[in-house]
Amino acid sequence: MESHPYTKPRGVGPVTTELTPGAEPTAAQPPIEPGGRDGAAIRIQNLARHYKMGSATIRAVDGISLEVHSGDFVAVLGASGSGKSSLLNLLAGLDHPTSGSVFVLGRELGAMTPIELSRHRNGTIGMVFQSFNLLPRMTVMENVELPLRIAEVPRAERPQRVREALERVGLAARLTHRPGELSGGEQQRVAIARALVNRPRILLADEPTGNLDSATGEEILRLISSINKPVASAAPGVPGVNVAAAHATTATTVVMVTHERALAERYANRIVTMADGRIARQERTANPAPTAEAIAEKGVPS
Ligand SMILES: Nc1ncnc2c1ncn2[C@@H]1O[C@H](COP(=O)(O)OP(=O)(O)OP(=O)(O)O)[C@@H](O)[C@H]1O
Ligand SMILES: [Mg+2]
């Protein structure tokens with residue numbers, strides 16, 4: 001398994017509409033940004049990841065087909081061990097499937113050269129984990145700068161990019177702190193800034209609120225929602241979040257694993273429930289799905 005040095009592989013909400021298990025939403029969802037030929041940000045075909053443990057085979061991901069549209073906010077629910085993290089790691093290119101394929105923005109990960117795959121991991125996607133995975137000896141600024149160093153962004157450009165990313169998460173005043181000097185919510189915001197600094201098209205989040213109290217978790221969800229729809233929701237209620245910075249950015253497709261159904265219903269537009277490595281259920285929430293018109297009206301650059 002390959003990974004970045006800074007990643008570790010491994011209420012009453014709105015009404016939802018149930019879709020046929022494994023089926024795609026039926027309403028027309030025009031693409032909002034160029035993705036694959038049909039605007040899909042992610043297309044998964046018959047994806048499987050089996051682990052051999054002695055004579056036993058663990059079918060962590062066991063034949064999944066799924067399409068994520070550009071601009072979607074998809075929440076992945078499911079019991080512990082149902083394969084959610086395994087699926088996210090495959091999308092991130094941190095792990096390779098046993099069979100099947102993953103297309104991201106029209107490109108198949110399995111057909112990428114090592115350099116292309118590394119660009120995918122560091123540039124096309126941003127990833128956020130339950131345990132933040134910040135490097136404790138580095139300052140906030142150095143942690144957020146790391147993906148820029150990996151991408152060989154010129155040194156002179158980096159401070160401004162780091163500041164922009166930290167402004168988006170409302171932490172521009174914490175540049176020289178170390179992770180241990182921050183609250184859990186602040187550490188997660190640094191991790192989100194680090195995930196955003198290379199301006200990824202897709203944000204993958206694996207239980208980003210799992211280590212946070214419910215109020216802080218809600219704040220992080222509002223922030224992720226503002227990244228998904230930067231103009232419509234510029235993280236109201238998140239102190240210090242720079243609304244102007246949000247307006248200047250493009251919508252980011254989000255796939256988020258969570259155990260909290262209420263949060264999924266409040267923020268995602270689709271919910272995918274996994275069971276035993278498969279998709280057991282797909283629903284659409286009452287939250288608006290992305291449309292080309294909505295994005296065009298807001299003047300988001302292509
Ligand atoms: N590296 C591995 N080697 C062997 N088995 C693994 C490995 N990683 C995951 N598994 C197994 O695959 C299955 C799915 O694991 P996964 O971590 O994807 O579940 P999950 O849905 O993310 O669970 P949780 O909600 O507890 O995080 C589990 O049975 C797990 O034990
Ligand atoms: Mg998991």
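At what angle do the axes of helix α3 (residues 140–150) and helix α5 (residues 184–196) cross? They cross at roughly 30 degrees and come within 7 Å; axes here are lines fitted to C-alpha atoms, for helices over the stretch in contact, and angles run from 0 to 180 degrees between N-to-C directions. Helices (H or I, at least four residues) and strands (E, at least two) are DSSP runs, numbered from the N terminus.

This is a predicted model, in which local features need pLDDT of at least 70, side-chain atom pairs count only at pLDDT 80 or more, and totals for chains, interfaces and linings use all residues. Residues are numbered from 1 along each chain as its sequence is written, while chains are lettered from A and ligands numbered from 1 in the order in which they are written.

The protein has 9 helices and 11 strands. Of its 302 residues, 46% count as buried. A residue is buried if 20 or more other C-beta atoms lie within 10 Å of its own, exposed if 12 or fewer, and partly exposed in between, with C-beta atoms placed from the backbone.

To return to the opening pair, α3 and α5 are roughly parallel to each other. Angles under 35 degrees count as roughly parallel, over 145 as roughly antiparallel, 65 to 115 as roughly perpendicular and the rest as oblique. The crossing of α3 past α5 is right-handed; a crossing is left-handed if the near helix is turned anticlockwise from the far one by less than a right angle, and right-handed if clockwise. On the α3 side the contact is made by Val 140, Asn 143, Val 144, Leu 146 and Pro 147, and on the α5 side by Val 190, Ala 193 and Arg 194. Two residues are in contact if their C-beta atoms, placed from the backbone, lie within 7 Å. By class, this contact of α3 with α5 has 6 nonpolar, 1 polar and 1 charged residues. Ala, Val, Leu, Ile, Met, Phe, Trp, Tyr, Cys and Pro count as nonpolar, Asp, Glu, Lys and Arg as charged, and the others, Gly among them, as polar.

The buried residues of α3 are Val 140, Asn 143, Val 144, Glu 145, Pro 147 and Leu 148. Their cover includes α2 (114–124), α4 (158–168) and α5. After α3 comes Glu 152, with a positive phi near 55 degrees.

Helix α5 also packs against helix α6 (residues 214–228), at an angle of about 20 degrees and with the axes 10 Å apart. α5 and α6 are therefore roughly parallel to each other, and α5 passes α6 in a right-handed crossing. From α5, the residues Gly 184, Gly 185, Gln 188, Arg 189, Ile 192 and Leu 196 meet Thr 216, Glu 219, Ile 220, Leu 223 and Ile 227 of α6. This contact of α5 with α6 has 5 nonpolar, 4 polar and 2 charged residues. Also in helix α6 is Ser 226, which counts as buried because 23 other C-beta atoms lie within 10 Å.

The next site is the ligand. Ligand 1 is surrounded by Tyr 51, Met 53, Ile 58, Ala 60, Gly 78, Ser 80, Gly 81, Ser 82, Gly 83, Lys 84, Ser 85 and Ser 86; a residue counts as near a molecule or strand if its C-beta atom, placed from the backbone, lies within 6 Å of it. The elements that give two or more residues to this shell are β2 (40–53), β3 (56–69) and α1 (84–92). With 3 residues, α1 gives the most. The shell has 4 nonpolar, 7 polar and 1 charged residues by class.

In α1, 9 of the 9 residues are buried, so the helix is largely enclosed by the rest of the structure. Among these buried residues are Lys 84, Ser 85 and Ser 86. α1 is followed by Gly 93, whose phi is positive, near 75 degrees. The C-alpha atom of Gly 93 is separated by 10.0 Å from that of Asn 122, 29 residues apart along the chain. Asn 122 is found in helix α2 and is buried, with 23 other C-beta atoms within 10 Å.

Backbone angles close the tour. Most residues other than glycine have a negative phi. Asn 46, not a glycine, has a positive phi of about 45 degrees. Asn 46 lies in strand β2 and counts as exposed, with 11 C-beta neighbours inside 10 Å. Arg 199 also is not a glycine and has a positive phi, of about 50 degrees. Arg 199 is found in the loop between α5 and β8 (202–206) and, with 14 C-beta neighbours inside 10 Å, counts as partly exposed.
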